[in-house]
Structure formats: C-alpha cells, structure tokens
Amino acid sequence: MRDGNYVTMLDPFQFKYAAFLILVFAIPPILIGAAAASTDWNQTAYGSPSPYERGEGAFTLPIALQHLTPTFISIIGIGCVAAAVMSSADSALLSSASVFTSNIYKNILRPKASDRENQWVVRISVLVLGVIGTSLTMLNNSIIIFWFLGTEVAYITVFPELFCVLFFNISNGYGAIMGVLVPVLLKVLSGDPSLGLEPVLHFPGCTLEDGVYVQYSPVKTISMLSAIAAILLFSYLASVLFNKGVLPEKWDVFKVKAQHSPVPLSPVGGAIEEEENEEMDITKLSE
C-alpha cells in the first residue's frame, strides 16, 4: 500500500473504477427526479401543484421519499441523506480550518506557533466556520447559489494564479494579491442578480430587462483575463522596483529581490581544466 503511495485501502479501487462509479451513482438521482416529475401529486398527501411549481424543487428528494415510498424506506432514506450531509459538512469544516491554520496562521501570522496552539486555532476555526455556515442557511436564497459563487470565484482567481505560477517565472506574491483583488472587484462591480447586486460597470451588451440589468458580455472570462494581466503586470513592477532599489528592501515582504538575485556562475571550460590540474598537482605532492 505504501509503495503505491496510497492513503487508504480503498484508494486502488477508487483509482481504477472511479469514472465508472460516478456514472453508476448518477443513476438513482436521475430516476428519483424522473419519478417526481411524472407523478400525479393529486393522488398523494402532498397534493397539487407539484414541488417544482411551488418553488420547492430543491426538496424533491425528501418530498419523494416521504410521499412516494413506504414509511420505513422513507426513514432509512432521510437518515442516509442526513448522514451524507453531516459527513460532507464535517469534512468541509475540518478541511477549511486545516487550510487556514497551516497555510495562513502557521506560515504567515505565527510561524513559531506550537502544536498545541495550532490545535486550538483549528478548533476555533471550526467553530467560527460552523457559525458562518449556519447563518448562511437562514438566508432566503438557496445555498446552491453559494456553490455556484464559489465555482465562479475559483475560475476568476484560482485558475489565473495557477496558470501564471506554472508558465511565468516573473510571478510573485505581489502579483498574486492583485490577481485576487482585481477580478473580485470586477465581479462585484459588474453585478450579480442572484445576490441582489446592481451592476456599476456596464459592459457591452448590458441591457435592462424587467427592471433588472443583465450582462450579456462574458464577465467571468473578462475577470479571469484581467486577473492574469494584473498578476503579470504587478509582479513585473514589484520585481523592477525592488531590484533597482527604487523601493527599500525592508518593504519587500515577499522577498522578491532575494528570489531574483543572480546565481553564482559555476566554472566552465578552461576553468574546469585548471581546477582538475590543480587537484592532480596536489595529489602528486601528497604522494
């Protein structure tokens, strides 16, 4: 197991059959959705109209289990759903708290923090994130909106960071910070109807429909490209300003000047031959 760099005993099975299992696990939700869509709800205790017409499409699974299955099946199904949700929430809380503790608190805020202190930071982070997550569920908007929002943020911030780090050596911490601020600012100023944000920047094609401005321009792609441009531009500016002494070195938080300092040249050509001759002379003298 360890020779194959596996973490758990199921990893070899998952690596081999993951793609097939994803397709298999997608079949039950499709069947449940099809059954709920084709059901005559007048013949159930739920009544008309259908869950979709009532705006309860997100609750199709528990409604179908309650009204379309026997009681014991409904109890087992709801219990399985609750267990899956709690497991996912637990994993999200622990991973978020661990990422904050190891990447931000330990590496940036307190590099010399003890293990016990880091454990308490993880506990407090789990508590804070749990309160924030619970408060989000009290909003009128569906929690799925935040899932889509997280995907958009990853596209406009994480992807440009990864792209620049892999393909441009000039990238540094200053550019990375601007690569987060610029796209997020553009995203907020361009508006988001799902969050109730009115657009301040009207890109070409922005029209007013039913009292709501709709952006028909590819705002996400524009923000992503702006992030790449911001990373490269500010990385280059920071590198030039610190390496040429325009800004004092004590302001260089991310050590850009140290990263781009010239590497001592290794002896080549004749220099290598001279060193070899010197070593041979020293060996002969020692003999």
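**Charged pairs and what surrounds them**

Me: How many salt bridges does a search of the whole structure find?

Reply: This is a predicted model where local features need pLDDT of at least 70, side-chain atom pairs count only at pLDDT 80 or more, and totals for chains, interfaces and linings use all residues. Residues are numbered from 1 along each chain as its sequence is written, and side-chain values use heavy atoms, with hydrogens and water left out. A salt bridge is a side-chain nitrogen of Lys or Arg within 4 Å of a carboxyl oxygen of Asp or Glu. With that cut-off, searching the whole structure gives 3.

Me: Which side chain does E117 meet in a salt bridge?

Reply: The N to O distance for this pair is 2.6 Å. R110 has a relative accessible area of 40%, so it counts as partly exposed (buried is under 20%, exposed over 50%, partly exposed in between, using a 1.4 Å probe and protein chains only). The partner of E117 is R110.

Me: Which residue forms a salt bridge with K187?

Reply: The closest N and O atoms of K187 and E152 are 3.0 Å apart. The two sit in distant parts of the chain, 35 residues apart, with K187 in helix α7 and E152 in helix α6 (residues 144-167). Helices (H or I, at least four residues) and strands (E, at least two) are DSSP runs numbered from the N terminus. Both residues are buried, and the partner of K187 is E152.

Me: How many residues apart in sequence are K220 and E152?

Reply: K220 also has a salt bridge with E152, with the closest N and O atoms 3.8 Å apart. K220 lies in helix α8 (residues 219-243) and E152 in helix α6, so the pair ties together parts of the chain whose separation in sequence is 68 residues.

Me: Which residues do salt bridges with shared partners join into one network?

Reply: K220 is partly exposed because its relative accessible area is 37%. E152 is at 18%, so it counts as buried. Shared partners put these residues in one network: E152, K187 and K220.

Me: Which side chain of opposite charge is nearest to D192?

Reply: D192 lies in the loop between α7 (173-189) and β1 (207-209). D192 is buried yet has no salt bridge, where Lys and Arg count as positive, Asp and Glu as negative, and His and the chain ends are not counted. Leaving out residues up to four places away in sequence, D192 touches L149, E152, K187 and L197 (contact means heavy atoms within 4.5 Å). At 4.0 Å, the nearest opposite charge is on K187.

**A pocket**

Me: About how much space lies in the second largest pocket?

Reply: A pocket is an open set of points on a 1 Å grid over the protein atoms alone, where a 1.4 Å probe fits, with protein on both sides within 12 Å along at least five of seven lines; lining residues have an atom within 4 Å of a point. The lining of this one includes K187, D192 and K220, while β2 (212-214) and α8 each supply at least two residues. Grid points are joined across faces, edges and corners, and a volume is the space filled by probe spheres set on the points. The value is about 160 Å³.

**Fold and backbone**

Me: What pattern does the protein chain follow along the sequence?

Reply: The protein chain has 10 helices and 2 strands. Buried residues make up 20% of its 287 residues. Read along the sequence, the pattern is α-α-α-α-α-α-α-β-β-α-α-α.

Me: Which residues of helix α3 are buried?

Reply: Helix α3 spans residues 60-68. The cover over its buried residues includes α2 (27-38) and α4 (71-109). Those buried residues are I63, A64 and L65.

Me: What is omega for the cis peptide bond between S48 and P49?

Reply: P49 is found in the loop between α2 and α3. The cis bond joining S48 to P49 has an omega of about -5°.

Me: How far apart in space are N172 and K255, C-alpha to C-alpha?

Reply: N172 lies in the loop between α6 and α7, and its relative accessible area is 8%, so N172 is buried. K255 lies in the loop between α8 and α9 (256-259), and its phi is near 55°, a positive value in a residue other than glycine. N172 touches S235, A238, S239 and V256, not counting residues up to four places away in sequence. N172 and K255 are 83 residues apart in sequence, and their C-alpha to C-alpha distance is 9.1 Å.
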